Amino acid sequence: MVQAEANLNKLLNGTRSQEVAQSEAQLAEAQAKLQQLKAGNRAEDVAQAQARLNQAQAQLRQAQDDLEHNQMLFNQGAISQQTVNQKRSECATSDVTA
């Protein structure tokens, strides 16, 4: 009986040690995430992302304008349908990246 209790205590202590180690690892991970959240994005990172967005939006507007212009030229017989389709494709690609 005493041996069984000793084995049970040893087993429970081993399980608790694993639980403690797991909890400590989870705590460390949570602390690291908290530090990242506190640090936030640097102003330079935000400015670069905004610049990329602005550039993509400008490219989209240009592609849309080119498509509209080429559609008008096609309607007048000045350019081929293939040219219009190419501009339409460029416009769709710009829309996806913007």
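Biologist: What is the mean pLDDT of the protein, and what share of its residues reach 70 or more?

Modeller: The mean pLDDT is 77, and 72% of the residues reach 70 or more. This is a predicted model. Where pLDDT is low, the predicted coordinates should not be read in detail.

Biologist: Where is confidence lowest, and where is it highest?

Modeller: Confidence is lowest in helix H1, residues 2-39, with a mean of 69. It is highest in H2, with a mean of 87.

Biologist: How many helices and strands are there?

Modeller: Three helices and zero strands. Along the sequence, the pattern reads α-α-α.

Biologist: How do I check the span of H2?

Modeller: Compare an expected span with the distance between the end C-alpha atoms. The expected span is 1.5 Å times one less than the number of residues. H2 has 33 residues, so it should span 48 Å. Its end C-alpha atoms are 48 Å apart, which agrees.

Biologist: What comes just after H2?

Modeller: Gly 77, with a positive phi of about 80 degrees. Ile 79 also sits in the loop between H2 (43-75) and H3 (81-97).

Biologist: Does Ile 79 count as buried, partly exposed or exposed, and why?

Modeller: Apply the cut-offs: buried is under 20% relative accessible area, and exposed is over 50%. Ile 79 has 21% relative accessibility, so it counts as partly exposed. Setting aside residues up to four places away in sequence, Ile 79 touches Asn 70, Leu 73, Phe 74 and Val 84.

Biologist: Take Asn 70 next. Where does Asn 70 lie, and is it buried or exposed?

Modeller: Asn 70 lies in helix H2. Its relative accessibility is 10%, so it counts as buried. Beyond its neighbours within four places in sequence, Asn 70 contacts Ile 79, Thr 83, Val 84 and Lys 87.

Biologist: Which other residues of H2 are buried?

Modeller: Besides Asn 70, the buried residues of H2 are Ala 56, Leu 60, Ala 63 and Leu 67. Across the protein, buried residues make up 8% of the 98 residues.

Biologist: Which residues form the largest nonpolar core?

Modeller: Look for buried nonpolar residues joined through side-chain atoms. Here the largest such core has five residues: Leu 60, Ala 63, Leu 67, Val 84 and Cys 91. H2 gives the most, with three residues.

Biologist: And the surface: how much of it belongs to carbon and sulfur atoms?

Modeller: The accessible surface comes to about 8100 Å², and 53% of it belongs to carbon and sulfur atoms.

Notes:
Residues are numbered from 1 along each chain as its sequence is written. Side-chain values use heavy atoms; hydrogens and water are left out. Helices (H or I, at least four residues) and strands (E, at least two) are DSSP runs, numbered from the N terminus. Buried means under 20% relative accessible area, exposed over 50%, partly exposed in between (1.4 Å probe, protein chains only). Accessible areas come from the Shrake-Rupley method with a 1.4 Å probe; for residues, only the protein chains shown count as cover. Contact means heavy atoms within 4.5 Å. pLDDT is the predictor's confidence in each residue, from 0 to 100. A nonpolar core is a set of buried Ala, Val, Leu, Ile, Met, Phe, Trp, Tyr and Cys residues joined through side-chain atoms within 4.5 Å.
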